[in-house]
Amino acid sequence: PYMGVGPARVADVAEEAEMVGAPPLQLDPHFADGATGAHADAAGGHAPLIHLTVACKAAAPYGLMALLNSTFTHARPATRERLRVHVVARDAASQSLLQAKVHDAFPAAWARHSIRVLVAPGERLAKLHSRLAQLKADSIDPFVFPQLWLPQLWPSSAKDGERPPSRTLLLADDTLVLTDISELYAVAIPTGKAAAVIEDCAITF
């Protein structure tokens with residue numbers, strides 16, 4: 001499953017819920033701090049890794065840099081160790097550019113493999129573009145809708161026996177994270193549902 005957030009800000013989850021009078025969010029114990037079992041880090045049975053995915057569509061990735069900086073800045077040390085950020089580039093040329101920029105801006109996170117830059121599944125994007133053209137909607141860029149191609153990203157990106165993540169938090173590349181991300185990552189998704197999204201008055205779901 002994935003959870004979509006943005007473009008907006010990720011603030012304190014409990015505080016935001018209280019402000020709007022909403023019931024407190026329930027956490028999934030499989031993804032919360034101290035979880036063990038199938039979702040735990042296979043390397044040592046610790047709390048599960050926190051997977052964030054960001055499709056970077058901007059040629060000048062200022063928003064991405066702000067997102068990464070705010071995420072790591074507000075993460076507790078334990079959360080920072082669990083973070084795995086998957087930045088998705090449109091093509092190989094964009095990937096090389098983003099790798100260089102992210103490496104220079106976040107050398108420590110890059111060195112401990114907390115951030116990596118992947119290429120979007122080109123075959124899937126081509127099929128989506130063809131389908132949109134048939135619907136006379138070829139002006140729509142399928143890359144900006146990662147919900148349509150995200151499942152195809154993981155098989156091509158897995159390596160060395162690595163398992164695709166069972167959950168990822170999908171953030172827009174202009175999101176600011178203003179609290180520790182682990183609580184939002186661990187929000188329970190109802191049984192039988194593929195995803196959870198935030199309410200956004202600018203978008204019709």
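Me: What share of the contacts with a separation of 6 or more is between residues 24 or more positions apart?
Reply: In this predicted model, residues 24 or more positions apart account for 74% of the contacts in the chain that have a separation of 6 or more.

Me: And the secondary structure, how many helices and strands?
Reply: The chain comes to 8 helices and 8 strands, and 40% of its 205 residues count as buried.

Me: Switching to α6, which of its residues are buried?
Reply: The buried residues of α6 are Leu125, Leu128 and Leu132, and because they fall within an arc of 65° when seen down the helix axis, they line one face of the helix.

Me: Why would residues three or four places apart point the same way?
Reply: An α-helix has 3.6 residues a turn, so residues at that spacing point the same way.

Me: Which exposed residues are on the face turned away from the buried side?
Reply: That face of α6 carries Glu123, Lys127 and Gln134, which are exposed.

Me: How far does α6 reach, and what follows it?
Reply: Helix α6 covers residues 122-134, and its 13 residues reach 18 Å from the first C-alpha to the last, close to the 18 Å expected at 1.5 Å a residue; the helix is followed by Lys136, which has a positive phi near 60°.

Me: Now Leu118, buried or exposed?
Reply: Leu118, which sits in strand β5 (residues 115-119), counts as buried because its relative accessibility is 10%, under the 20% cut-off.

Me: How far is Leu118 from Gln95?
Reply: Leu118 and Gln95 are 6.6 Å apart in space, C-alpha to C-alpha, and 23 residues apart in sequence.

Notes
Residues numbered from 1 in each chain as written. Predicted model: local features only at pLDDT ≥ 70, side-chain atom pairs only at ≥ 80, totals over all residues. Heavy atoms only, no water. Helix = DSSP H or I, 4+ residues; strand = E, 2+ residues; numbered from the N terminus. Buried < 20%, exposed > 50% of the residue type's maximum accessible area, 1.4 Å probe, protein only. Contact = heavy atoms within 4.5 Å. Expected span 1.5 Å × (residues − 1). Arc of directions from axis to C-beta.
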